[in-house]
Amino acid sequence: MREVSQPATEAIRLVEVLRALADPVRLDLVLRLDRMGEDFCNAIGAEIDVHQTTLSHHYRVLREAGVTWTKVQGRSRLVRLRREDLDALFPGLLDSVLSAQRRTRDTTTTATVEAP
């Protein structure tokens, strides 16, 4: 199994995590990973209307920031959140960001549905 470059837990920096989570596409990927646990990149990104090369870029940013952990299996990449590491380093951060995003998505969906 081939390895990809990802930071050790002690090398994860808050500013890089926040920068990675600031992009709407990456935040959506993190929400899906939080819901699914672990899955292959192509399965997680299948519902997102983004070109494959752009999606690969977003996965790389998340991995290099320490938000996700990637394992290469053949030609596929299995991705999961580094929840334990992030919770240990920045308690409550991931839960707060994901809760805020869920509320925002719910409000946007409700407003769109209720619009005349």
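This is a predicted model: local features need pLDDT of at least 70, side-chain atom pairs count only at pLDDT 80 or more; totals for chains, interfaces and linings use all residues.

1. Let's begin with H1 and H4. Helix H1 spans residues 14-21 and helix H4 spans residues 52-65, and their axes lie 9 Å apart at an angle of about 160°. Angles over 145 degrees count as roughly antiparallel, and the two helices are therefore roughly antiparallel to each other. The crossing of H1 with H4 is left-handed.

2. Which residues of H1 and H4 meet? From H1 come Glu16, Val17 and Ala20, and on the H4 side they meet Val61, Leu62 and Ala65. Sorted by class, this contact holds five nonpolar residues, one charged residue and no polar ones.

3. H4 also packs against helix H2, residues 24-36, but with another geometry: the axes come within 10 Å and cross at roughly 70°. An angle of 65 to 115 degrees counts as roughly perpendicular, so H2 and H4 are described as roughly perpendicular to each other.

4. The H2 side of that contact consists of Val25, Arg26, Leu29 and Val30, while H4 brings Leu55, His57, His58, Tyr59, Val61 and Leu62. By class there are seven nonpolar, two polar and one charged residues in the contact of H2 with H4.

5. Next, the largest pocket, which holds about 210 Å³ of space. Its lining is made up of Cys41, Asn42, Gln52, Ser56, Tyr59, Arg60, Arg63, Thr70, Arg75, Ser76 and Arg77. By class, that is five polar, four charged and two nonpolar residues.

6. Which element gives the most to this lining? H4 does, with five residues. Helix H3 (41-44), H4 and strand S3 (76-81) each provide at least two of the lining residues.

7. Finally, have a look at Asp85, which sits in helix H5, residues 83-89. Leaving aside residues up to four places away in sequence, Asp85 touches Thr9 and Ile12. Asp85 and Ile12 are 73 residues apart along the chain, with 8.7 Å between their C-alpha atoms.

Note on methods. Residues are numbered from 1 along each chain as its sequence is written. Side-chain values use heavy atoms; hydrogens and water are left out. Axes are lines fitted to C-alpha atoms, for helices over the stretch in contact, and angles run from 0 to 180 degrees between N-to-C directions. Helices (H or I, at least four residues) and strands (E, at least two) are DSSP runs, numbered from the N terminus. Angles under 35 degrees count as roughly parallel, over 145 as roughly antiparallel, 65 to 115 as roughly perpendicular and the rest as oblique. A crossing is left-handed if the near helix is turned anticlockwise from the far one by less than a right angle, and right-handed if clockwise. Contact means heavy atoms within 4.5 Å. Ala, Val, Leu, Ile, Met, Phe, Trp, Tyr, Cys and Pro count as nonpolar, Asp, Glu, Lys and Arg as charged, and the others, Gly among them, as polar. On a 1 Å grid over the protein atoms alone, a cavity is a set of points where a 1.4 Å probe fits but cannot get out, and a pocket is an open set with protein on both sides within 12 Å along at least five of seven lines; lining residues have an atom within 4 Å of a point. Grid points are joined across faces, edges and corners, and a volume is the space filled by probe spheres set on the points.
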